[in-house]
Amino acid sequence: MDQLSCVFNRRSVRKYTDQPVSTEHEELLLRAGLCAPSAHNSRPWEFIVVRDKDVLMSLSQLRPYWKLLKNAALAIIVCGDVADYHGSTKEFFIQDCSAATQNILVAAEGLGLGGVWLGCYPTEGAKGVAELLCIPEGVIPVSVISIGHPAEHARPHSGVEPSKIHYDKY
């Protein structure tokens, strides 16, 4: 699949088959996250891969719209290590981790996998994830990505909304 098709065809996938995600695909997803841009090349991200069905079930109970995690093959939690952040503004860790999250989702599309970005930070979900996964202080869970083989395929988005595009001025 070419690069733009991965971007244009990517959709949030909330229903998965029982097929596991291969180690090779898992490593490629993580590598995609590691290749994201970051402010001042600070690379604040830390990734937690959750495959254990009991842990996925516990995660699925932290937020109402996270229920889909109980049927996912795995979840990738993208965290920002703010304790030793090197960007010019500490809050840029959110953008850095968001770029890593998007890279993983686009890579999932390219690999024929499905995923959905589950917002974590700055909600109470971040505290629950940190407690559940024993994340140390100074490392903040930014997003939870549900990953699996799609049980359904949504049509790509219809395209650009011209009213959202402005040139030179708003």
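**Notebook: surface patch, aromatic pairs, salt bridge**

I started with phenylalanine 8, which counts as exposed because its relative accessibility is 54%, over the 50% cut-off. I note that the model I am reading is predicted. I placed phenylalanine 8 in helix H1, which covers residues 3-9. I then looked up its surroundings on the surface: Leu4, Val7 and Phe8 form a nonpolar patch there. Together these three residues have about 310 Å² of accessible area.

Next I turned to the aromatic rings. How many aromatic pairs does the rule give? The count comes to two. I looked up the pair of tyrosine 65 and tryptophan 66, whose ring centres are 6.3 Å apart. Their planes stand at 90°, so I logged the pair as edge-to-face. I also checked the cover of each partner. Tyrosine 65 is partly exposed, at 41% relative accessibility, whereas tryptophan 66 is buried, at 0%.

Last, I searched for salt bridges and found one in the structure. It joins the side chains of arginine 51 and glutamate 26, with 2.6 Å from N to O. Which parts does the pair tie together? Arginine 51 lies in the loop between strand E1 (45-50) and helix H3 (53-60), while glutamate 26 belongs to helix H2 (residues 23-34). The pair therefore links parts that are 25 residues apart in sequence.

Arginine 51 is exposed, with a relative accessible area of 54%. Glutamate 26 counts as buried because its relative accessibility is 7%, under the 20% cut-off.

Key:
Residues numbered from 1 in each chain as written. Predicted model: local features only at pLDDT ≥ 70, side-chain atom pairs only at ≥ 80, totals over all residues. Heavy atoms only, no water. Patch = residues over 30% accessible without salt bridge, like charges linked within 9 Å, V, L, I, M, F, W, Y side chains within 5 Å. Areas by Shrake-Rupley, 256 points an atom, 1.4 Å probe, with all protein chains shown as cover. Salt bridge = Lys/Arg side-chain N within 4 Å of Asp/Glu carboxyl O. Helix = DSSP H or I, 4+ residues; strand = E, 2+ residues; numbered from the N terminus. Buried < 20%, exposed > 50% of the residue type's maximum accessible area, 1.4 Å probe, protein only. Phe/Tyr/Trp six-rings, centres within 6.5 Å; stacked < 30°, edge-to-face > 60°.
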